[in-house]
Amino acid sequence: MLTALVILLVAIAFAARFISGGNIVLPGLIRSIIYIDLTIIWGLSLRNRIIQVQTRRYLTVISALAIIWMLLRTMKFFFIPEQSMMRPVWYLYYLPMLFIPLMAVFVAASLGKPENYRLPKGALALYIPTALMLLLVLTNDFHQLVFVFPSGKPWTDLDYSYGFGFYFVAGWEVALTLAAFAVMVRRCRVRSLKTAAPLIFMGLSIIYAALYTAGTGWLLTVFGDLTVVQCCLIGLSFESCIRCGLIQSNTGYDDLFEACTLGAQITDNNYCVKYASLLAPKLTRKIMREAEKAPVRIDKNTLVKSNAIPGGHVLWKEDITELTAVIEDLEAAGCELEEKNFVAQENYNTKRRISKLREKNRLLDLMQQKTEDQIDILYKLLARYESETDESRRRKLLAMTAVVGSYIKRCGNLVFISERGESADIEELSRCFEESFSNLELLGVACACDLPEKGTVCAKDAIRAYHIFETVIEASMESLNSVWLKAVEDEAYIALRIEVFCEAGLSHLSGIADSYCEENGDFCFTVRMKKGGEQS
């Protein structure tokens with residue numbers, strides 16, 4: 001569409017040339033305005049399309065020089081009436097004619113360079129001969145080395161010939177042009193037949209200049225406007241350099257996007273696909289909308305992601321094959337670890353149960369060891385109970401059995417306490433004595449106990465005290481009348497006095513306690529228990 005509009009405007013301007021040939025000013029001005037506007041638009045497009053800073057800068061200068069050339073031409077033909085004033089303007093044509101090829105060389109030298117690239121001083125030295133040649137043209141009135149005018153006639157561009165300086169200047173222009181093209185081709189990464197297109201327009205420009213200089217009649221009739229033809233050919237030359245890739249531009253993204261290896265696509269706000277690469281997956285609008293909120297997995301190894309852009313969305317696929325493989329390996333390892341953990345847990349639970357059973361067996365063995373004598377006594381009492389016929393005697397044997405049984409029970413508790421820690425509450429020992437007393441009272445034995453309410457004693461000492469108490473009771477149980485327990489405290493110990501009154505002699509037990517005394521059937525055993533101790 002844009003190309004068609006440009007062709008139409010050029011056709012209008014071309015037609016206006018023949019209309020203005022009859023000294024009609026307005027068509028000529030319209031023609032100039034068309035060409036100047038087209039050159040301005042082309043220059044602005046260069047600033048948007050060219051990426052490299054230096055290249056963009058020199059191309060902008062070229063478009064500006066073309067506009068200056070057009071303005072000089074317009075001034076010469078439509079705004080300067082006198083021939084004497086036209087000649088300096090005509091000489092100024094060589095400002096763009098000389099510096100456009102020079103800028104083309106600088107454009108070629110800047111291609112493929114980084115953003116901060118600056119031309120070397122050797123290249124900038126080209127300004128010197130170019131400026132000298134411009135000065136040679138501008139001072140032609142003094143030496144006529146470029147344009148030679150016949151003597152005795154007004155000096156105009158309607159009647160002149162060329163001096164050797166003209167060919168020197170023209171040769172410099174051609175040399176710069178060909179050098180620029182050669183550098184562009186050498187720096188082009190991808191060469192093809194398309195790179196020959198700029199050479200065609202450059203060749204046409206050189207051929208046109210040669211024919212124009214030779215005064216070819218048909219050429220002057222049809223294409224006699226040197227400025228317009230050369231500016232058009234210059235524009236076409238650089239535009240073809242951009243299109244064929246000699247000059248890198250900010251265009252061609254459609255083809256680049258289609259050929260890229262990333263499976264991506266660009267949609268508008270309604271999820272209509274505008275651009276898509278060859279590897280882009282076909283997605284439904286439902287998937288596109290879901291991908292806007294979170295990545296969507298369309299198959300085992302492909303993830304679709306989305307991101308909002310001005311005017312639409314960009315969607316791309318992400319290959320997660322490696323990630324999937326890692327996850328599968330982790331899941332397999334997790335299952336294996338879970339199985340191993342299950343086996344290990346079962347082994348641990350089994351070992352724990354075995355340890356508990358062993359501990360229970362150990363404690364039972366320890367308790368049996370501590371109460372072995374009492375168990376034998378218990379069996380004997382039960383045997384006597386079975387053989388006894390006297391009812392009152394049987395009741396007494398049952399009471400004696402209860403006394404021994406209470407010791408077995410309470411001694412086991414003290415043993416368990418001693419396994420958990422080094423100390424036992426004095427209150428626990430008091431309960432042991434109280435239970436024994438409650439069973440002794442069934443035998444008609446008077447019992448009394450005076451122990452501290454609070455405090456702790458060494459667990460082993462508590463077991464020893466209770467064992468001594470039970471030993472004394474068992475030895476005197478047949479004729480026991482009374483039992484009295486009395487605790488006497490000092491800073492480190494509690495002295496437990498066990499006093500019993502019975503008819504049986506207990507002197508043979510004097511060695512089991514820390515001290516012993518007797519008087520008229522009253523026997524006293526003293527056991528020392530250490531205070532404190534570490535509790536569990």
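Reader: Which element gives the largest share of the lining of the second largest pocket?
Author: In this predicted model, helix H12 contributes the largest share of that lining, with 12 residues.

Reader: Which other elements take part, counting those that give two or more residues?
Author: Besides H12 (226-244), the elements giving two or more residues to the lining are H1, H2 (25-49), H3 (53-78), H10 (197-214) and H11 (217-223).

Reader: And what is the volume of the second largest pocket?
Author: The volume of the second largest pocket is about 1,400 Å³.

Reader: How many residues line it, and which lie nearest the centre?
Author: The lining of the second largest pocket holds 45 residues. Those nearest the centre are Val-6, Val-10, Cys-232, Gly-235 and Leu-236.

Reader: How do the lining residues divide into nonpolar, polar and charged?
Author: The lining of the second largest pocket has 30 nonpolar residues, 9 polar ones and 6 charged ones.

Reader: Is Leu-2 buried or exposed, and where does it lie?
Author: Leu-2 lies in helix H1, which covers residues 2-20. Leu-2 counts as exposed because its relative accessible area is 64%, and the cut-off for exposed is over 50%.

Reader: New topic, then: how many salt bridges does the structure hold?
Author: The structure holds 15 salt bridges. One of them joins Glu-435 to Arg-410, with the closest N and O atoms 2.6 Å apart.

Reader: Where in the chain do those two residues sit?
Author: Glu-435 is in helix H18 (residues 426-440) and Arg-410 is in helix H17 (residues 391-420). The pair is 25 residues apart and links distant parts of the chain.

Reader: Is Arg-410 buried or exposed?
Author: Arg-410 is buried, since its relative accessible area is 14% and buried means under 20%.

Reader: Which residues are linked with Arg-410 in a network of salt bridges?
Author: The network links Arg-410 with Lys-409, Glu-427, Glu-428, Arg-431 and Glu-435. Within helix H18, the side chains of Glu-428 and Arg-431 meet in a salt bridge at 2.7 Å, N to O.

Reader: What separates Glu-428 and Arg-431 along helix H18?
Author: They are separated by about one helical turn, because Glu-428 and Arg-431 are 3 residues apart in that helix. Glu-428 counts as buried at 11% relative accessibility, whereas Arg-431 counts as partly exposed at 33%.

Reader: What about Lys-486 and Asp-450; how do their side chains meet?
Author: The side chains of Lys-486 and Asp-450 meet in a salt bridge of 2.7 Å, N to O. Lys-486 lies in strand S11 (residues 480-489) and Asp-450 in strand S9 (residues 446-450), so the pair ties together parts that are 36 residues apart in sequence.

Reader: How accessible are the two, Lys-486 and Asp-450?
Author: Lys-486 is partly exposed, with a relative accessible area of 26%. Asp-450 also counts as partly exposed, at 35% relative accessibility.

Reader: Finally, where is Ala-291, and is it buried or exposed?
Author: Ala-291 is in helix H14, residues 285-293. Ala-291 is buried, with a relative accessible area of 4%.

Reader: How many residues apart are Ala-291 and Lys-305, and what is their distance in space?
Author: Ala-291 and Lys-305 are 14 residues apart in sequence, and their C-alpha atoms are 5.5 Å apart in space.

Note on methods
Residues numbered from 1 in each chain as written. Predicted model: local features only at pLDDT ≥ 70, side-chain atom pairs only at ≥ 80, totals over all residues. Heavy atoms only, no water. Helix = DSSP H or I, 4+ residues; strand = E, 2+ residues; numbered from the N terminus. Buried < 20%, exposed > 50% of the residue type's maximum accessible area, 1.4 Å probe, protein only. 1 Å grid on protein atoms, 1.4 Å probe; cavity = no way out; pocket = protein on both sides within 12 Å on 5 of 7 lines; lining within 4 Å. Points joined across faces, edges and corners; volume = space filled by probe spheres on them. Nonpolar A, V, L, I, M, F, W, Y, C, P; charged D, E, K, R; others polar. Salt bridge = Lys/Arg side-chain N within 4 Å of Asp/Glu carboxyl O.
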